[in-house]
Amino acid sequence: MLLMRESYEETAVRTLAAPIEVTAGGVASIRVLRGQLLRITALGEGAVASLFGFSLQDPAVWLSVHHTRVFSNSYLLGSGMRLVNNRRRPMMVLGKDSVKRHDLLLPGSTTAFLAERGYGGEGCIEAVSGELARLGMTVPKLPDPINLFMHVKLTREGDILPEQNLTQPGDSITCRVVMDTRFIVSACNTGIEGNDKPAPLRLSVAENLTDFNAE
């Protein structure tokens, strides 16, 4: 498990972002610097966190679920796994994980998709696009997310089978970030059966694991 900080030169003041709560059905963003830890915590049952990440130096470099699957030769997200960008370079490494059920296959929901399935509310894609606009960030494209805590499995026949989400309040993942990154996290309805009850999330940043004990 790669949770130890890699050696690197300090080139700027290392500020620590304050914790942020993502409301159920909403979206929020947080800045995490190289070497810092990002923790995403479920604050309600059945939470799903659709995760996007963009390099602070170049927003054309983003967290890529497609390249992560190829880089790791797996569609399952496990401890010690490197999550890479569209240049095939690591952006973060998964460390502590109380759920161990995440989706690397499904795209983010859209408002139209939700409406077709009888759900109200804004889709993940529109919500994240709105957050990018609020931040004044222009990106070449909006990639598919990494759907943390989403419970699905791939059958032997190749079908993607949604399962009942078992995430509980307090469940979390913790990653060591290895590139200065702006992360955007959506708690919008996924429209995926069993994972379609949005719940709030907390985003928090620390230099060391023990710093999270104050939460």
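Start with the open sheet of 6 strands, which runs in the order β1-β13-β3-β11-β6-β5 with antiparallel pairing. Its edge strands are β1 (20-22) and β5, each of which pairs on one side only. From one strand to the next, the twist averages 25° (axes are lines fitted to C-alpha atoms, and angles run from 0 to 180 degrees between N-to-C directions).

Before moving on, a word about what you are viewing: this is a predicted model, in which local features need pLDDT of at least 70 and side-chain atom pairs count only at pLDDT 80 or more, while totals for chains, interfaces and linings use all residues. Residues are numbered from 1 along each chain as its sequence is written, and side-chain values use heavy atoms, leaving out hydrogens and water. Strands here are DSSP E runs of at least two residues and helices are H or I runs of at least four, both numbered from the N terminus; two strands pair if DSSP finds at least two bridges between them.

Now select β1 together with β13 (residues 201-206): 3 bridges pair them in the antiparallel sense. Which residue of β13 is the bridge partner of Val22? Click on Leu201 to see it.

Next, bring up the other stop on the sheet tour, an open sheet of 5 strands ordered β2-β12-β4-β8-β7, again with antiparallel pairing. Here β2 (27-32) and β7 (102-103) stand at the edges; each has a single partner strand, so one side of each lacks a neighbour in the sheet. Select β2 and β12 (residues 181-186), which run antiparallel and are joined by 6 bridges. Show Ile30 and you will find Phe183 of β12 opposite.

For the surface, select Tyr75, Leu76, Leu154 and Ile160. They form a nonpolar patch with about 320 Å² of accessible area together. Areas come from the Shrake-Rupley method with a 1.4 Å probe, and for residues only the protein chains shown count as cover. Leu76 sits in the loop between α1 (65-72) and β5 (82-84).

Finally, zoom out. The protein chain has 3 helices and 13 strands, and its C-alpha trace spans about 50 × 35 × 35 Å along the principal axes.

Conventions. Patch = residues over 30% accessible without salt bridge, like charges linked within 9 Å, V, L, I, M, F, W, Y side chains within 5 Å. Salt bridge = Lys/Arg side-chain N within 4 Å of Asp/Glu carboxyl O.
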